[in-house]
Amino acid sequence: MDSLPAGGPRYLKRRVKGCTLEVHPTERALVVQYEVEATVLGELGNPMVGERKECQKIIRLKSLNAHTDTSSLAQKVVEECRLIPSSKLHEVEQLLFYLQNRKQSNDIQEKKRISPQDSTPYAGVELDEVASINSIDEYVELLYEDVQEKIRGATLIFQLARNPDNLEELIQNEAALGALARVLREDWKQSVDLATTIVSVFFCFSSFSQFHGLVTHFKIGALCMNIIEHELKRFDLWQDELQKKKKAYEEFSENQNLKKEHEKSFRKYQSLLTKQEQLLRVALCLLLNLAEDTRTELKMRNKNIVHTLVKILDREDEELLLVVVSFLKKLSIFLENKNDMAETFAVEKLARLVPCDHEYLLSTSLRLLLNLSFDTSLRSQMVQTGLLPKVSSLLADEAQRQLCMCILYHISMDDRFKSMFADTDCIPQLMKMVFDCGEETMDVALISLCINLAANKSNAKVICEGNGLKMLMKRAVKLKDVLVMKMIRNLSQHNGPTKSLFLDHVGDLAAEISEEEAEEFVIECLGTLANLTISDLDWALVLKEYNLVPYLKDRIKPGSAEDDLILEVVIMIGTVSMDDSCAAMLAKSGIIAALIELLNARQEDDEFVCQIVYVFYQMVFHKATRDVIVKDTQAPAYLIDLMHDSNGEIRKVCNNTLDIIAEYDEELGEKIQNEKFRWYNCQWLEMVENRPMDEAEEPFLYGEDGESFIGDRDLLERPDLFYSAEGIISADGAISPEFYTDLSSLSEQFVPADRPVSAYGFRPDEQFFFNYNTASR
């Protein structure tokens, strides 16, 4: 041995300083933080080089439980861990006591939170030897031997990679990683165990974002896609072969050799399937980690990753299905991937997983279904595959309840499916949840689903069974709950027994209509009352007892409140106007004039116009209010103007109202008839009035001096210009109302094919009966 040079280092001195103790944030363990001071001493013992490093040691306490003697355990920890001085015994005991009483997360809950990419998908081939980071070069040498040695070398490297502390050192060994990538690329078809082990090594790197570049560098992602595609094809061949042998065995059931061969093939198939699913699981986990980068995810989509994943949904292995469903859930947030899932009928395959015993698989499947339920066509598929009763039954599972309510809410948005809820146990469970809330704030998803379901008559019947409506009213009025009142409003719109139940609550609703209450709540109360078109309800008594007429009159003034509230007041007035005494009461209060003022202010808003005209329609039925509308207001003039409005509903209500007025007032009736004639024959009138007349060609329209027989008179005052027909034109030239009714019905049957349909469909210069053979040319 050569002697050290003079003044050279002789030995290394290490010293541990500053030991501090903490509890592990998630595990039952103590964390020892300490500092190592290393000093290189020279020949004479003088320090030459010094270095300090902060270190950490975790002491896992697997035996610690509720019955552990913390004093004895603390003594054992101090004795076995030389880093902890004996002076800290009392501190160790206190920390152990804290860990013992700390609320530990339920093991099942912990497992549920672990995502597939955080778990170890493949345990590796069992080996008796323990891998050492110092022997990495020896393990790389094994990768150049036969298949069994390659598996052994890859397994030992995998042992190292499973420890995150070794990844930084492994990444520096480019030869090892390059050799692994080469062996995988060249020999993955020779051995499933070899392929699974090497992919698992790269999976460990893919679990950390900073190593994704390394995995991409060796093109492991693209290789995994090829492996998965090949394995799925091989699976199809296995199944075909198994089916052939099964068919041969069934045809010749007496042949014992065929039976034994089939059983042998089936056992081999199961063994191969288990190994293949391990390979698929680790490969998909790796791809799922790499898909963190959307650009990489796009490359996967271009290679039909969605179709591949949906195909694997037919498998039975729950751990593999968990990875597949998690991957699909991540992909489903993009429109193109969602469309691919629709094309491959992913919903139909997911339906068999709901419900299932694997809690995290169930939760992930529901999350994927929730993402897909935003699409109308996919919601339809969910209903067709029978998911509605399945998801409804899961409302009893508190862990899945929120997801289920959100999915059911999306389904309930479609009117086609609302009635189907009545045949499930969904509504009783929802009502129980509503009543269990007491006075606490109700979950938005819960009450939103209830509001949607209440819009269907069959559901409303189930909701109101027993004391359902009474309990809802009690909560709504006591807590001024707007959303519950929306639900009640939806319930009130259905005719039949359900509406009659509201007779007991009219007073409660009317009492809430005041200026002191919040507008949102009053709007729902007014809307509910406006729906109560019940013959047994004495509206006059309600208006008097709760002094509602002044409130209604004040609220229909433009700008007195929000438009939504004003509109509800107008609708309410229309409902109560069906009652004779109420209509008279409202007319005397001056509400009609206020409505006309509101009509002027909101003439561009079709909803306001339609509802105000409907109030007039209701009021002209009653003699007392008819006189006020016809003689004391400008309502008929407004109605005549609106008779030709572009909105079909407004035209319909106006025409019905004007027909009633025409029967009551002869003068207005003639004016209305003339206006209708002008409108429906405007083209003919325009032609007659503006057509250039030649005296020689048209001698009958002019006198001897060339003066027109019409002169300056209104064309409509010339009865001789109308067509003569018995029962259509009377002796004085006036057109009877029956003419319009008959003509309207005829026009629907004999309207020319090349003319737009109007309310009546004809001009006076057209024949009544049209030849269909001519029209079809």
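The following dialogue reads selected features of a predicted model.

Biologist: Which helices and strands does the chain have, in number, and what share of its residues count as buried?

Modeller: The chain has 42 helices and 3 strands. Of its 777 residues, 46% count as buried. The accessible surface comes to about 42400 Å², and carbon and sulfur atoms account for 48% of that surface.

Biologist: What share of contacts between residues at least 6 apart in sequence join residues at least 24 apart?

Modeller: In this chain the share is 67%. V147 lies in helix α5 and touches Q190 and S191, leaving aside residues up to four places away in sequence. V147 and L194 are 47 residues apart in sequence, yet their C-alpha atoms are 7.7 Å apart in space.

Biologist: Is V147 buried or exposed, or in between?

Modeller: Buried means under 20% relative accessible area, and exposed means over 50%. V147 has a relative accessible area of 23%, so V147 is partly exposed.

Biologist: How should I read a salt bridge?

Modeller: Side chains of opposite charge can pair when their charged atoms come close. The structure holds 27 salt bridges. One of them joins the side chains of K275 and D193, with 3.3 Å from N to O. K275 belongs to helix α11 (residues 256-290) and D193 to helix α8 (residues 192-206), so this pair ties together parts that are 82 residues apart in sequence. K275 is partly exposed, at 36% relative accessibility.

Biologist: Where do K480 and E512 lie, given that they are linked as a pair?

Modeller: The closest N and O atoms of their salt bridge are 2.6 Å apart. K480 is in the loop between α25 and α26, while E512 is in the loop between α28 (506-511) and α29 (519-530); the two residues are 32 apart and link distant parts of the chain.

Biologist: Which residues gather in a patch of negative charge on the surface?

Modeller: They are D137, E138, E141, E145 and D146. Within this group, E145 sits in the loop between α4 (136-142) and α5 (147-161). E145 is partly exposed, with a relative accessible area of 44%.

Biologist: Let us turn to the backbone. What is phi in F345 and in K480?

Modeller: Phi of F345 is near 55 degrees, a positive value in a residue other than glycine. F345 lies in the loop between α15 (335-343) and α16, and F345 is partly exposed at 47% relative accessibility. K480, which is not a glycine either, has a positive phi of about 55 degrees. This is the K480 of the salt bridge with E512.

Biologist: Is the peptide bond from V354 to P355 cis or trans?

Modeller: The bond is cis, with omega near -5 degrees. P355 is found in the loop between α16 (346-350) and α17 (359-372).

Terms used
Residues numbered from 1 in each chain as written. Predicted model: local features only at pLDDT ≥ 70, side-chain atom pairs only at ≥ 80, totals over all residues. Heavy atoms only, no water. Patch = residues over 30% accessible without salt bridge, like charges linked within 9 Å, V, L, I, M, F, W, Y side chains within 5 Å. Areas by Shrake-Rupley, 256 points an atom, 1.4 Å probe, with all protein chains shown as cover. Salt bridge = Lys/Arg side-chain N within 4 Å of Asp/Glu carboxyl O. Lys, Arg positive; Asp, Glu negative; His and termini not counted. Charge placed at Lys NZ, Arg CZ, Asp CG, Glu CD. Helix = DSSP H or I, 4+ residues; strand = E, 2+ residues; numbered from the N terminus. Buried < 20%, exposed > 50% of the residue type's maximum accessible area, 1.4 Å probe, protein only. Contact = heavy atoms within 4.5 Å.
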